[in-house]
Amino acid sequence: MSIYEIKVKTMNGQETSLGEYKGKVLLIVNTATGCGFTPQYKGLQSLYEKYKDQGFEILDFPCNQFAGQAPGNIDEIHSFCTLRYGTTFPRFAKIDVNGTNESPLYSFLKRQKGGLIGEKIKWNFTKFLVDRNGNVVGRYAPTETPNILDKKISDIL
């Protein structure tokens, strides 16, 4: 299976294929608005502004699985992110990244760059970098800030 065959839900609840992003470099992030790492939205937006015209996309997947740190509905989350951090990159419907309701996207990402088989996402703001061919080329812990990824993104663009 290719990442481009995976379907996800948009903010509006419509099913869409990640095939729309074929040929682009992707940074896929599970996010939360009430987390100590939430200020990373600023760094993510900086990366997006710097590289979006070169074929770079950030895909934001809010997730409430970690200490309930993504409360509210998707409209509230979107308003918070756009007003507080000025985010303009694509945001999707809330998902689960672990467990029985785990998104097929995160099952795929963890299989590609999970380290141990089935290694769980440990917290909000875990980041996966995907090259233009759909290969998952990196998994980054929440403690790794977006600016650390700048050179890696530049190199694969």
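Author: Here are some questions and answers about this chain, which is a predicted model.

Reader: Happy to start with the outline. How many helices and strands are there, and what pattern do they follow?

Author: The chain holds 4 helices and 6 strands. Going along the sequence, their pattern is β-β-β-α-β-α-α-β-β-α.

Reader: What makes the chain as compact as a globular protein of that length?

Author: The globule rule gives 15 Å for 157 residues, and the radius of gyration of the chain is 14 Å, close to that value, so the chain is as compact as a globular protein of that length. Its C-alpha trace spans about 35 × 35 × 30 Å along the principal axes.

Reader: Let us turn to a single residue. Why is Y51 called buried?

Author: Buried means under 20% relative accessible area. Y51 has a relative accessible area of 5%, which is under that cut-off, so Y51 is buried. For the chain as a whole, buried residues make up 48% of the 157 residues.

Reader: Where does Y51 sit, and what is it in contact with?

Author: Y51 belongs to helix α1, which covers residues 40-51. Beyond its neighbours within four places in sequence, Y51 is in contact with F56, D150, I153, S154 and L157. Contact here means heavy atoms within 4.5 Å. By comparison, P39 is 12 residues from Y51 along the chain, and their C-alpha atoms are separated by 20 Å.

Reader: What makes a group of residues a nonpolar core?

Author: Its members are buried residues of the nonpolar kinds, such as Leu, Ile or Tyr, joined through side-chain atoms within 4.5 Å. The largest such core in this chain has 23 residues, and those with the most contacts inside it are I3, I28, L105, Y106 and L109. Two or more residues come from each of β3 (25-31), β4 (56-62), α3 (104-113) and β5 (127-130). Helix α3 gives the largest share, 4 residues.

Reader: Which residues does L105 touch, leaving aside its neighbours within four places in sequence?

Author: L105 is in contact with I3, I6, V8, L18, I28 and F61. There is also a second, separate core of 19 residues, and among them are Y41, F56, F89 and Y140.

Key: Residues are numbered from 1 along each chain as its sequence is written. This is a predicted model: local features need pLDDT of at least 70, side-chain atom pairs count only at pLDDT 80 or more; totals for chains, interfaces and linings use all residues. Side-chain values use heavy atoms; hydrogens and water are left out. The radius of gyration is taken over C-alpha atoms; the globule rule is 2.2 Å times the number of residues to the power 0.38. Buried means under 20% relative accessible area, exposed over 50%, partly exposed in between (1.4 Å probe, protein chains only).
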